[in-house]
Amino acid sequence: MKFPRAYTLAEIGDLIQCKTFGDPDFKITGINEIHMVESGDLTFVDHPKYYSKALNSAATTILINKEVDCPEGKTLLFSQDPFSDYLKLVEIFRPFKSASSTISESASIGEGTIIQPGAFVGNNVQIGKNCLIHSNVSIYDHSIIGDDVIIHANSVIGADAFYFQKRPQGFKKFVSHGRVILKDRVEIGASCTIDKGVSGDTIIDEGTKTDNHCQVGHDTYIGKNCLIGAFAAIAGVTRIEDDVILWGRVSINKDLVIGKGAVILATSGIDKSIEGGKTYFGLPALEARAKWKEMAALKKLAEDFNAKKS
Amino acid sequence: MKFPRAYTLAEIGDLIQCKTFGDPDFKITGINEIHMVESGDLTFVDHPKYYSKALNSAATTILINKEVDCPEGKTLLFSQDPFSDYLKLVEIFRPFKSASSTISESASIGEGTIIQPGAFVGNNVQIGKNCLIHSNVSIYDHSIIGDDVIIHANSVIGADAFYFQKRPQGFKKFVSHGRVILKDRVEIGASCTIDKGVSGDTIIDEGTKTDNHCQVGHDTYIGKNCLIGAFAAIAGVTRIEDDVILWGRVSINKDLVIGKGAVILATSGIDKSIEGGKTYFGLPALEARAKWKEMAALKKLAEDFNAKKS
Amino acid sequence: MKFPRAYTLAEIGDLIQCKTFGDPDFKITGINEIHMVESGDLTFVDHPKYYSKALNSAATTILINKEVDCPEGKTLLFSQDPFSDYLKLVEIFRPFKSASSTISESASIGEGTIIQPGAFVGNNVQIGKNCLIHSNVSIYDHSIIGDDVIIHANSVIGADAFYFQKRPQGFKKFVSHGRVILKDRVEIGASCTIDKGVSGDTIIDEGTKTDNHCQVGHDTYIGKNCLIGAFAAIAGVTRIEDDVILWGRVSINKDLVIGKGAVILATSGIDKSIEGGKTYFGLPALEARAKWKEMAALKKLAEDFNAKKS
């Protein structure tokens, strides 16, 4: 998330009442989680295991729970509870506002776009030209939709990430204030859910099509011209490159990369990053040919075992 | 389901035109299926296999299709077709009423609760304080929702149980007139479905969170502070204890108990009750360590087999 | 799809600017894909592999990209791009029209039918008597629904087929203009999606019931009195005969036949046509008894392997 203008380190420190280290006029232009940061961003870290990753990331301001040495050219904010203070900032810069109408007055809707009855279009949503948004679709605030996009009935664009931190007094929710971006010529099937980024964006790139009942997790990127079969479960923070094909009911874990042009056969589950240009099958998946060979061997072994027994 | 007042055996006998056995003034305070009954309840049984279970259950009035001996301190109703007569009673005490507005006038909605456009709130629904009900959510009649509950877009609270009895002339539907109860701080993802109880309640207890596309069957209980991953398929009449974690796409069969703190890994299928405090994996699932050991052995056996062949 | 009246070969040739072969007054009464054609229909073919199938099908007019010999009693249309020209015809005869109200004025709704708030009923939809259409259901144009049908909340009837052809400049969408037909006493669970046929019909026959989160693909036929468990993924152009039972989370591939009375156990995947009257299990599925025997053998082999190792 980019701020509406650059804030100084001193201003941000005041907003969340945290001690700062570094030039008080140092510019902070946005806020993001560690896997999405760029120069100008503030990120947070609350576990020693990730201190080094955060301090050495592209982020130029780090909100941290230990008074560590500050890397050259960066600034720090010290907090007892960086997670909560990060959420406070997100909440300040992009607060939830309830809707006053089915299609928000702050939404912009391009020429030639049809919005069928019952579709909800939230605050600050942008929809391009010649789109078709079917009945009872729900588009949460701040979503951005390109031209020639089709969204079938009852799909949900921009619900919250499923992201909770266990604390002694119960779950602390990492409130999502990112966005969903659907680029030109994307088509989303019926009853799909595309979650917003936590503080960044979930992106589906040009020309990609999904069948019905698909789930795309927060901060995930899906490339151009992919075909995503029904019931795809794509977890958060995963990257699917261009021209990937998922057949029906494929599960993909979080934080993975699916290489360009990979084909994943129906009902497969992906628990590791996979190379592009190959076909995969199984639960968990292998390259399809290897999996089929393994299955054939096991079938034969079981037959021999049962033949010997009888 | 509790009746609005206690009814006598004679009154209930009149309502469904059934012969009674026992004190005509015997009090009946509610109606429930066999797995949910308590003292004062009427239950039904129509198969000799279950006569003894029904007669010896906590239910104090039994609707039965054979003139058996009546247990001490209980009463009986005799019916040619207990299933149909039970449905008749349910229908009399909680009939379906069509909605006259998007938010029923008989619904009660607590202070600070936001209901986004397109959400439907049925008759006699109770929603607590500071809840957020997103767009195009459907909440069927009689649902009860606590404080600080979030329900994401297009989820359905309180649809009917999937419960049919095959008869020569086609399926006889066991019409659902129970409720869904979501307790304080529950969060339901987008496009989820939580079915109502048949004559009892489906309950999700305090602090439990579900991701998108989850299904919870009728009369199921989910404990406190559970995390339920996307595409969970939890069948009816199952009991999930506190602090259970389901990763994505877990399937759980009906009538099971999932022990406190159990963790079930993604894509697993549970077909037996499982102990708490352990981690499970597979289709069908074993304890994860045992399953992984089995998988490793099979992988090696297949490799050896294929190596020998070539 | 049947045309509103019979068209002549010459008229159709004019509409799509294609050269014709045969009697210019030859009657064309409708249009359909190859697997659904009957006498009077026009169908298309664009790949030499399928020329013979198309020319020898029940279709009496064939739109083709090669000047082949015309079978006796048939006529031909020649096109550089039969797929696109077929789509043009479909678009001419059943164009998409945006809705002007939540319940279209062109919809016909039978006596005693209840439509709950938020349900969308598209153009030319026909709904029979005594149906119950729950809140936030979406029914696309031209759907036909019989008597005594129940559709639970947020289900989608008649979204487009997931049907794209890869072309150098991106995906070409095969726009769907068929219908969904739900016959008498069908019950559809919550959050289901039943896709329309491409140019034919997707049909669910009398008395069949589905649980929640089911998907039925385009041009699929489901017979009478089937029970379809939650999360069923039934692909397009598949035929499920009467009295079939699917337990939860069953996947069925496209172009298959599931025989009368087959029972498919939970989480199974069907990749071949299967005989009726038997029970199946597994991913991919075998007859359940054979699968269980195989699973028991593999379990024992893995145990022996691990015992030897330690």
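**Close-up views of a predicted model**

View 1. B:F162, by comparison, is partly exposed, with a relative accessible area of 25%; the two fall into separate classes because buried means under 20% relative accessible area. Over all chains the structure holds 39 aromatic pairs, and one of them joins B:F162 to B:F164 in an edge-to-face arrangement, with 5.4 Å centre to centre and 75° between the planes.

**View 2. An aromatic cluster in chain A.** The residues A:F44, A:F83, A:Y86, A:Y163 and A:F174 together form one aromatic cluster.

**View 3. The interface of chain C and chain B.** The contact draws 43 residues from chain B and 39 residues from chain C, and the two chains bury about 3,100 Å² between them, of which 64% lies on carbon and sulfur atoms. Between chain C and chain B, 22 residue pairs are in polar contact, counted where both residues have pLDDT 80 or more. On the side of chain C that touches chain B, at least two residues each are supplied by β22 (209–210), β25 (227–228) and α4 (288–309) of chain C, and the largest share, 7 residues, comes from α4(C). The residues of this side of chain C comprise 18 nonpolar, 15 polar and 6 charged.

**View 4. A salt bridge between chain B and chain C.** Across the interface of chain C and chain B there are 2 salt bridges, and one of them brings together the side chains of B:K166 and C:D243, at 3.7 Å from N to O.

Note on methods:
Residues are numbered from 1 along each chain as its sequence is written. Chains are lettered from A and ligands numbered from 1 in the order in which they are written. This is a predicted model: local features need pLDDT of at least 70, side-chain atom pairs count only at pLDDT 80 or more; totals for chains, interfaces and linings use all residues. Side-chain values use heavy atoms; hydrogens and water are left out. Contact means heavy atoms within 4.5 Å. Buried area is the accessible area (1.4 Å probe) that two parts lose on being put together, summed over both. A salt bridge is a side-chain nitrogen of Lys or Arg within 4 Å of a carboxyl oxygen of Asp or Glu. A polar contact is a pair of N or O atoms within 3.5 Å; within protein, one must be able to donate a hydrogen and the other to accept it, and residues adjacent in sequence count only if both atoms are side-chain atoms. Helices (H or I, at least four residues) and strands (E, at least two) are DSSP runs, numbered from the N terminus. Ala, Val, Leu, Ile, Met, Phe, Trp, Tyr, Cys and Pro count as nonpolar, Asp, Glu, Lys and Arg as charged, and the others, Gly among them, as polar. Rings of Phe, Tyr and Trp (its six-membered ring) pair if their centres lie within 6.5 Å; planes under 30 degrees apart count as stacked, over 60 as edge-to-face and the rest as tilted. Buried means under 20% relative accessible area, exposed over 50%, partly exposed in between (1.4 Å probe, protein chains only).
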